[in-house]
Amino acid sequence: MNAETPDRARHAHHATPGAEHGERVGVYVCHCGHNIANTVAVEEVAEWAGQQPNVIVARDYKFMCSSLGQELIEQDIQQLGLNRVVVAACSPHMHEKTFRTACQRAGLNPYLFEMANIREMGSWATDDREAATQKAKAQVKGAVDRAVRQQPLEPLYVDINPNTLVVGGGIAGLTAALELANAGYHVYLVERDSSIGGHMAKLDKTFPTLDCAACILTPKMVDVANHPNITLLTWSEVLSVHGYVGNFTVRVRKKARFINEELCTGCGTCVEKCPVRIIDQNFEVGLGYRKAVYRNFPQAVPKYPVIDTEHCTFFQRGKCRACEIVCPTDAIDFNQKDTFVDLEVGNIILATGYEQFDARRVSQYGYGRLANVFTSMEFERMVNAAGPTAGRVVLRDGVTVPRRVGIIHCVGSRDKNHHEYCSRACCMAALKFAHLVHERVPEAEVFNFYIDIRASGKHYEEFYHRVLAEGTHFIRGRVAEVTDAARGPGEEGQLIIQVEDTLIGKQRRIPVDMVILMAGMESRKDARQVAALFGLGCDYDGWFTERHAKLDPVVTMTEGILVAGACQGPKAIPESVAQGSAAAARVAGMIGQRVMKMEPVRASIDASSCSGCRICNNLCPYHAITFHEDRKVSEVITALCQGCGACVAACPSAAISGAHFTRDQVLAQIEGILWDARQPEVLWLEPQ
Amino acid sequence: MRYGYYPGCSLERNAGAYHTSLMAVAAQLGVEFAEVDDWNCCGATEFIAVNRLRAYALVSRNLALAARQTNGSNGAARGQLVAPCSACFLNLSKVDHYLSESPALTNDVNNALAAGGLSYEPGSLRVRHLLDVMVNDVGYERVAATVRRPLRGLRVAPYYGCLVVRPGFRERFDDPEYPTSLDRLMRTLGATVVDFPLKAHCCGGHMTQISRDVALELIRRLLKNAADYQADMIVTLCPMCQLNLDAFQESVNSMFGTEYRIPILFFTQLMGLAFGLPPAAVGIGKEFIDARPALARIGAAPPAEAEAAPKRKPRRNDQSLPLPQMPEEE
Amino acid sequence: MATSASLSRTSDFFREVVAEAPVDPRLEACLQCGTCGGSCPSGPDMDHTPRALFAMIAAGMRDAVLRSNTPWYCVSCYYCMERCPQEIRITDVMYTLKRMAIKAGYSAQTSAPRAPGFAQTFVDHVENYGRSFELGLITRYYLSHRPLDALKMAPLGMGLLKRKRLDLSPRPIRQIDQLKAILDRAREIDAAAQLT
């Protein structure tokens, strides 16, 4: 394509404005080792760039981001008097800051630097060397033509509110909140449920050390409740978020508990006397019961119960009031209303967790149809001393002790019909279950049905070996079906697990009394709404998107919004805790700066051109545009503007301009990228 | 309601009762099934095992004929083609689906069809199974309104077999593992539906001709499961399933020493009986295992309402754990 | 999905199977989890489970695969295809292997030697009449392939006849010539493809 490029395209280019700018541009094309150089002819791009108007020097170099690469730029600025710099390399997310800083060191305003991403947008996107090279040229050309029109800008500084909002009171959120509070910063911890603790509070033991989950979790819960730097808002939900990093305003709804927290002593008499008993689909995952006034579990934090108005006889029929009658401190308040709290915070950590995959969806395993098929979370509750069976391993009748237990891995995970990903924690939980069954029912046999045992973690493989030594049977094969249809006398009255034992290459039918389905993790049903509320992204599966999966896992693309724990992807407790701490450290680091340097990429309105139509007023997602009634013009409040450009594009009078993204700059870049675009077809059709 | 109708070879003769009853029921419901003129065999499961392109061309001739005869005839741009046989339904919908996926295959198939002056555009027909049309287009309500003689007291095992619910290329209308639409249709007729865990398992298909032992074992499992739940009969929606369970039942008994006598009827036969049609009008009497003793109960006064009355939940032992809640089966 | 680059890394036999399938069977995605082998109603009678067969295809074990009775014991119930966590079109692969076995002349050497004969007899009838003709099919199949078993089938045939569930003569379709022309053209297209 480049070889046949008609000369007139190049000539036409010379005729475009830009030549008269007389700026001195340096162009640097990075090899990025083989990452770019294998696909893009970097020397050719550099040589070609050197021939472009305004370009004083063009070089290619193995690693532009290395110290030597940066020094190259600095020397050229000083020795050749460059006043614009273009680096064609990776994404600006990686190294824009590196090169801007290099420019600054050499005395050049960092906003006179421009980056062309020829790696993610070029060499990584194709194997076609010719096309990638041609595209790289176009990107460089666009960057050069844009750079010559760039203006020096000075950064803005904003104060950072040292308070932090943590959303979600599971183990990740609790960890983040405590870390920040211990560092001396104030934290608002908002939890949707009536108690903090999250999924971990439902567990009995934790792998691979088999510590009692409650024993290690409840001290943290108590710390959170008592910490002077933590304001705990349970039974509460975030309604809206305004502002930007350093200065968010968050509105929270505190749902009515119908319990006066000032008066309630947490004695539990109301719970005991409540006549309504319903299946607890939340904390007990359907395996146990609760009252209409209830606490999730004995160590709930805070200790105050809540009234479930959907099932409370008083709320439904206007009668009963049993709880009110028995409460020794008159703490029941049927007239309580939802209240709203506005919080001012500088950063927000989302730790909203996961949901368990609904095992009914894999209908061949019979959950919901076959009584003695249980989900992994049901089994967690069953083995928990505070659970519905007080820790006894029994069948659905509540009495019979199973003699043969089958544990099925990868239910809803590693399955393109449901979730392609591996849920990461279930293999280890399955091993833990096998151990617990052996511990509670020594005469029982346990069968694990697996595709691969994923035991990568500290002391995980060793735990697998321990369970092997305990005599658990491992059958390698993804279970085909669980059925109660007996084929013969040996199978009557039992559940049959039908599977190919792939290590033998034979189909087997294993009769058991109890089946445990290791249901995987999935993102919360409202994950996308939550993401929209906080202005961050979700991946295909609904997990929150981090800025960089490896190097920046707790920060999102939205400044000041961080993520921790399983809301970012399936995780066990150790990783969730690590992320909670990491997010807290990132926030503490930012608070420590007190002020934050902000990109001076801001919109401004030319008052003389503004027609006062107010279209921009409602469009601005940051409420950064105010309208002067007296002069009938709009004005951007620079401190609030985030430079998104929505108003710039929408203004019918072209009165709004975005710094660093002026119309002039953007159009020049587009024209530059299209430098080799064909002339209109009609010209080619002209008879010779 | 008017549909293109592809009966398939079985309904011409060995499953004639299916055809007879379906036409009788359609008349009662005011649904018109217009038979595709000069249709040919769908190839069953054999043709594709011998040659790929010829198998696809064979099925495509039917699609081409049906599209020409059905499309546009009732004002709708995309005609609907109904097959009562599960294997025919699968072959028609699968070929349509794979042709849509592979332009190269479509090209070859249309080249072949051109030799007969035909062509077919993938996706231009909507291929459906008769059960889907009955429960989703006609609907349970209209069926219920047509019932004159409810099948009260009749314990029915609803048997779906494989191909109506799997693999569900285009028209997936029920769960592939544990379907319930036929259950509900039978309840609508007043019958008692027994749990039938093997309801979507395989009858063996043509395995009876390939490995008799393998096939008879598959049939035995189904009969045993229905017998375990004290079904009076098994109701089916596929001629292959009916033939295997019915005509080979005695072979199963002699091979395994069992004494099953479970009649196998088509769901349309039970619909017709519930609509008040005489047994002969719905092809009763063609089955190997006589259905009349079980059906005699329908004519009698309904027995004491033990079965019809909603079952009281057995008093739970205090220690029992709640069962998982299932979404409403409606 | 199989790309030309990824296919180039597979065994010759693997590529042959993929090329013979009507649409991409996605065989390269197999995790060897055994869902297919566990689900198969006739799995216990197969000499290799479908999963094992896929590993053998990947390993290029052409003879062993084409001699296997596995495809012939497939009852087309589609359980494996429905449940496969990698959405592999397993049933299609079974049909494909049957065709390849017939073509390679291996079909009579499997432990299910009757199956190809039945399929071929069925196909012949459909090609001649346009519809299946059960009495003819059964008679010809048993007399030419399994004369000793013909007696076993006699009671069934009599039962069907008695209940008027069996035709005594075939009922060809009206435009059988049109169908034959279509199938002949398909044969020509196949032959042309073989040459290229």
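This is a working chat about the predicted model shown above and the contacts within it.

Colleague: Before I start, what kind of model is this, and how are residues and chains numbered or lettered?

Modeller: This is a predicted model, in which local features need pLDDT of at least 70 and side-chain atom pairs count only at pLDDT 80 or more, while totals for chains, interfaces and linings use all residues. Residues are numbered from 1 along each chain as its sequence is written, chains are lettered from A and ligands numbered from 1 in the order in which they are written, and side-chain values use heavy atoms, with hydrogens and water left out.

Colleague: OK, how many residues of chain A are in contact with chain B?

Modeller: On the chain A side 32 residues are in contact with 24 residues of chain B, where contact means heavy atoms within 4.5 Å. The area buried between the two chains is about 2200 Å², of which carbon and sulfur atoms give 53%; buried area is the accessible area (1.4 Å probe) that two parts lose on being put together, summed over both.

Colleague: Which three residues supply more than any other three of the area that chain A buries there?

Modeller: Those are A:Arg369, A:Arg396 and A:Arg487, which supply 26% of the area that chain A buries against chain B.

Colleague: And how many salt bridges are there between chain A and chain B?

Modeller: The count is one salt bridge, meaning a side-chain nitrogen of Lys or Arg within 4 Å of a carboxyl oxygen of Asp or Glu. B:Lys224 forms a salt bridge with A:Glu492, and the closest N and O atoms are 2.9 Å apart. On the side of chain A that touches chain B, the residues divide into 13 nonpolar, ten polar and nine charged, with Ala, Val, Leu, Ile, Met, Phe, Trp, Tyr, Cys and Pro taken as nonpolar, Asp, Glu, Lys and Arg as charged, and the others, Gly among them, as polar.

Colleague: Switching to chain B, what does its domain assignment give?

Modeller: For chain B the assignment gives domain 1 (2-130) and domain 2 (149-299), the bounds coming from an automatic or database domain assignment. Their centres, taken over C-alpha atoms, are separated by 25 Å, and the contact between them takes 33 residues from domain 1 of chain B and 23 residues from domain 2 of chain B.

Colleague: How much area do those two domains bury between them?

Modeller: Domain 1 and domain 2 of chain B bury about 2400 Å² between them, with 69% of it on carbon and sulfur atoms. B:Tyr18, B:Val25 and B:Ser86 supply 20% of the area that domain 1 buries against domain 2, more than any other three residues. The count of salt bridges between these domains is zero.

Colleague: What about helix α8 of chain B, why is it largely enclosed?

Modeller: Six of the eight residues of helix α8 (residues 181-188) of chain B are buried, so this helix is largely enclosed by the rest of the structure. Buried means under 20% relative accessible area, exposed over 50% and partly exposed in between (1.4 Å probe, protein chains only), and helices here are DSSP runs (H or I, at least four residues), as strands are (E, at least two), numbered from the N terminus. The buried residues are B:Ser181, B:Leu182, B:Asp183, B:Leu185, B:Met186 and B:Thr188, and they pack against elements of chain B including α7 (130-146) and α13 (267-274).

Colleague: Last one: is A:Glu74 buried or exposed?

Modeller: A:Glu74, which lies in helix α3 (residues 67-80) of chain A, counts as buried at 16% relative accessibility. Not counting residues up to four places away in sequence, A:Glu74 touches A:Ala102, A:Arg105 and A:Ala106.
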